[in-house]
Amino acid sequence: MESSNRLKGVFFIILSAAGFAGMSAFVKLAGDLPSFQKVFFRNLVSTVMALYLIIKHKGSFTGKKENRKLLLMRSLFGTLGVIFNFYAIDKLILSDANMLNKISPFLVVILSAIFLKEKINTKQISMIMIAFVGALFIIKPTFSVQIVPYLAGILGAICAASAYTCLRAIGNKEDYYTIVFFFSVFSIVSILPIVVMVYEPMTLMQLVYMLMAGVCASIGQFGITLAYRFAPAKEISIFDYTNIIFSAILSIVIFGAYPDRWSILGYCIVFAAALYMFMYNRKLDREERAKLENKSMKYS
């Protein structure tokens, strides 16, 4: 049963990775539209899909009273994260933008240690530092305006990590469709005044691209939520990095954009750090289970 759930978790997180890669491609295909306008349409579709699930399951629109502060914080950080990420997607090679966003799992470890009092050790800290070295190879820092999209990508990862930390704090206290609905509605309502001010007319094709971005984003959001219902993050989070493979393929096939050798080196460093952290966390889990079994046998 545990093996079956893990396989389901792996399936859903790979589906999520493909969904977010597709979202990024459609956002880029939509062309030179304001980031706020793109975020609005992306979350409008998610709102409709989450609303359908709430009505179908007779769920809550606003969540439990005791969880609303966390839901608001998750929604605020999530909205900022999407805005920064969309700006980076527009300005950078698709795989570069998405790889920067994938620093967020490492940042979650730090934020969870600070705010949720989860344990963090020197090996985990070392992997986080190595991941940032990998990010520097992707960013290739300079003191020019060219670094701005990369900084936006980093800020997007920080905001995403903050949002995921809030999700960890919420845990299973809320239905996944309630969390998605709350975030999506918060996002479209909060940015609506800015969207009205900066709105640019869209062609029919741009509208189709934005709606497809919303569909792919919904697949990504629901996929990752369901994945972590079936299996712990430590066991399946490494498969989220398949997003970079999907993004690189789409970037080459659709846009004819190839990452340079320094970016590829950066991908390898970040991926290697993620793989090591994944294996190390599994080892810690096995040791913890062995201790519990020994303790149980001792008192039986």
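**Reading the helices, contacts and surface**

A: Let us start with a pair of helices: α4 and α11 run roughly antiparallel to each other. Please keep in mind throughout that this is a predicted model.

Q: What is the angle between α4 and helix α11, and how far apart are their axes?

A: Angles over 145 degrees count as roughly antiparallel. Helix α11 covers residues 242–255, and it packs with α4 at an angle of about 160°, the axes being 8 Å apart. That angle is why the two helices are described as roughly antiparallel.

Q: Is the crossing of α4 and α11 left-handed or right-handed?

A: In this case α4 passes α11 in a right-handed crossing.

Q: Which angle is found between helix α4 and helix α6, and how is their crossing described?

A: Helix α4 spans residues 94–101 and helix α6 spans residues 122–139. Their axes come within 10 Å and cross at roughly 155°. The pair α4 and α6 is therefore roughly antiparallel as well. The crossing of α4 past α6 is left-handed, whereas that of α4 past α11 is right-handed.

Q: Let us turn to charged contacts. How many salt bridges does the structure hold?

A: A salt bridge requires a side-chain nitrogen of Lys or Arg within 4 Å of a carboxyl oxygen of Asp or Glu. The structure holds one. It is formed by D90 and K38, whose closest N and O atoms are 2.6 Å apart. D90 belongs to helix α3 (residues 68–91) and K38 to helix α2 (residues 35–57), so the pair ties together parts that lie 52 residues apart in sequence.

Q: Are D90 and K38 buried, partly exposed or exposed?

A: Under 20% relative accessible area a residue counts as buried, and over 50% as exposed, with partly exposed in between. D90 has a relative accessible area of 22% and is therefore partly exposed. K38, at 0% relative accessibility, counts as buried.

Q: Which residues make the nonpolar surface patch?

A: The patch is made by F11, L15, L204, M205, L207, V208, L211, M212, V215 and I219, and its area is about 820 Å². Two helices, α1 (2–29) and α9 (204–230), each supply at least two of its residues.

Q: Which helix gives the most to the nonpolar patch?

A: Helix α9 does, with eight residues.

Q: Where is A217, and is it buried or exposed?

A: A217 also has its place in helix α9. Its relative accessible area is 0%, so A217 is buried. A217 and F106 are 111 residues apart in sequence, and their C-alpha atoms are 22 Å apart in space.

Q: What can be said of A25 in helix α1?

A: A25 lies in helix α1 and counts as buried at 4% relative accessibility. From A25 to N85 there are 60 residues in sequence and 12 Å in space, C-alpha to C-alpha.

Q: How far apart are L44 and L250 in sequence and in space?

A: They are 206 residues apart in sequence and 24 Å apart in space, C-alpha to C-alpha. L44 is placed in helix α2 and, at 31% relative accessibility, counts as partly exposed.

Q: Where is L111, and how far is it from I139?

A: L111 is in helix α5 (residues 104–115). With a relative accessible area of 19%, L111 is buried, the cut-off being under 20%. L111 and I139 are 28 residues apart in sequence and 23 Å apart in space, C-alpha to C-alpha.

Q: My last point concerns the backbone. What is the phi of K58?

A: Most residues other than glycine have a negative phi. In this model, the phi of K58 is near 55°, a positive value in a residue other than glycine. K58 is found in the loop between α2 and α3, and its relative accessible area of 78% makes it exposed.

Technical notes: Residues numbered from 1 in each chain as written. Predicted model: local features only at pLDDT ≥ 70, side-chain atom pairs only at ≥ 80, totals over all residues. Heavy atoms only, no water. Patch = residues over 30% accessible without salt bridge, like charges linked within 9 Å, V, L, I, M, F, W, Y side chains within 5 Å. Areas by Shrake-Rupley, 256 points an atom, 1.4 Å probe, with all protein chains shown as cover. Helix = DSSP H or I, 4+ residues; strand = E, 2+ residues; numbered from the N terminus. Axes fitted to C-alpha atoms, helices over the stretch in contact; angles between N-to-C directions. Parallel < 35°, antiparallel > 145°, perpendicular 65-115°, else oblique. Left-handed = near helix turned anticlockwise from the far one by under 90°. Buried < 20%, exposed > 50% of the residue type's maximum accessible area, 1.4 Å probe, protein only.
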